[in-house]
Amino acid sequence: MAKKIALTGIKPTGLPHIGNYFGMYKPALELAKDFDTRYFIADYHALNSLKDPKLVKELSYEVAATWLAMGLDPKDSILYKQSAVQGTFELTTFLMAFTSKGLMNRAHSYKAKVQDNKELNKDPDDGVNMGLFTYPVLMAADILQFDSDVVPVGKDQAQHLEMAVDIAQSINHNYKQELLKIPQAFIKESTGYVTGLDGRKMSKSYNNTIPLFLPSKKLRKLIMKIVTNSQSVEEPKDPDTCSIFSLYKLFASKDQQLELRKKYLAGGMGWGHAKQYLFEIMDETLAPIREKYTELINDKSYIDDVLKDGADRANEIVSRKMDFIRKAIGLA
Ligand code: ADP
Ligand code: TRP
């Protein structure tokens, strides 16, 4: 029996961070064991906010190197750049005809931008380009072009997935056949949102991330910047409301978690110590991936080869799908 298909993408808009790791990379790599996988670098999505060509290129290499450093096998999986698959953009145009403007008005990221503008007394659409406004349509095309079964993403992407489902359903309904496979989000509820240095959701847009591949010294320095309250060393501390502990839990075994929990509750442990425990476990876990990443990022021609091969394989599948769609909708 043919394997099911898992697909996901990430924008090359900054250094991959711990939130991306637990929210997306790790679950996606777990799925790679049992699914046919198509994982990509969402460079056209990144263009909505990033206009510097050198930076777009460099960050795209970094995302590709991250996938490979984490053990994605490029022979088994298809790893490619979004911009290299032409059918995506044709499918996007088709999906546009079935996407109501109202649906896009409800997208969280667009709504949040409008809200920010209102608070700053600016025009509601200030700084909103059509790429941002129609973001979920291109994302739906990324997914639907491959007949994807599951889409491993962090919790913040759930609404985008619902929109892809909505759009696909209205198309299938109109043409009275399953033109497009209905995808399912694969979200690790246990991870939820990974918290950043300031206690908010870790995100490149908030500038509060812990990048995955910092050299040890820099990693330690950054962890020491995690915002804490002013409790003294002696005071017992609550692990369950502490962002240091919530990050520690992601890396630690159950026993290690229990041990640190006891130290929190007993008092006598300062925030500096808690941060040191977090640094040690993070550094130890990330060291081997960091080493591979450094090797890969210095071998761009290898990354080029992998992405070229991925693009060829992706284009073959997507152009077949587009032939089928064109016929079904009366364009061919
Ligand atoms: P960012 O918010 O930093 O720009 P992206 O939008 O590029 O991150 O997200 C890439 C993937 O990582 C998505 O699947 C997203 O849901 C996941 N992700 C990003 N930040 C977090 C976080 N703090 N916790 C869990 N998952 C996250
Ligand atoms: N919107 C996703 C993010 O910001 C990136 C993305 C683009 C994506 N296209 C996708 C994720 C298709 C899953 C499937 O993280």
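## Around ligand 2

Helix H8 gives the most residues to the shell around ligand 2, with four. This structure is a predicted model. Which residues come closest to ligand 2? They are His 45, Tyr 135, Met 139, Asp 142 and Gln 157, out of 14 residues that surround ligand 2. By class, eight residues of this shell are nonpolar, four are polar and two are charged.

A nitrogen atom of ligand 2 lies 2.7 Å from a polar side-chain atom of Tyr 135. The side chain of Asp 142 places an N or O atom 2.8 Å from a nitrogen atom of ligand 2. For Gln 157, an N or O atom of the side chain is 2.9 Å from a nitrogen atom of ligand 2. On its own, ligand 2 has 370 Å² of accessible area, and the protein covers 92% of that. Two elements give two or more residues to the shell around ligand 2: strand E1 (5-10) and helix H8 (135-144).

## Around ligand 1

Now turn to the other ligand. Ligand 1 has 18 residues around it. Those that come nearest are His 17, Asp 156, Met 202, Ser 203 and Lys 204. Which helix gives the largest share of this shell? Helix H1 (residues 18-31) does, with four residues. By class, the shell around ligand 1 has eight polar, six nonpolar and four charged residues.

The run from Met 202 to Lys 204 is worth a look in the structure. A polar backbone atom of Met 202 is 2.9 Å from a nitrogen atom of ligand 1. Ser 203 uses its side chain: a polar atom there lies 2.8 Å from an oxygen atom of ligand 1. With Lys 204 the backbone is involved again, as one of its polar backbone atoms is 2.7 Å from an oxygen atom of ligand 1. How much of ligand 1 does the protein bury? The ligand exposes 540 Å² when taken alone, and 96% of that is buried by the protein.

## The pocket

Where do the two ligands sit? Ligand 1 sits in the largest pocket.

## Aromatic pairs

Next come the aromatic rings. A pair of aromatic rings is described by two things: the distance of the centres and the angle of the planes. The model has 15 aromatic pairs. One of them is formed by Tyr 25 and Trp 67. Their ring centres are 4.7 Å apart, and the planes make an angle of 70 degrees. Angles over 60 degrees count as edge-to-face, so the pair of Tyr 25 and Trp 67 is edge-to-face.

What does this pair tie together? Tyr 25 lies in helix H1, while Trp 67 lies in helix H3 (residues 53-69). The pair therefore ties together parts that are 42 residues apart in sequence. Helix H1 is also the helix that gives four residues to the shell around ligand 1.

Definitions and conventions. Residues numbered from 1 in each chain as written. Chains lettered and ligands numbered in written order. Predicted model: local features only at pLDDT ≥ 70, side-chain atom pairs only at ≥ 80, totals over all residues. Heavy atoms only, no water. Near = heavy atom within 4 Å. Polar contact = N/O pair within 3.5 Å; in protein donor to acceptor, adjacent residues only side chain to side chain. Areas by Shrake-Rupley, 256 points an atom, 1.4 Å probe, with all protein chains shown as cover. 1 Å grid on protein atoms, 1.4 Å probe; cavity = no way out; pocket = protein on both sides within 12 Å on 5 of 7 lines; lining within 4 Å. Sits in = over half its atoms within 2 Å of the grid points. Nonpolar A, V, L, I, M, F, W, Y, C, P; charged D, E, K, R; others polar. Phe/Tyr/Trp six-rings, centres within 6.5 Å; stacked < 30°, edge-to-face > 60°.
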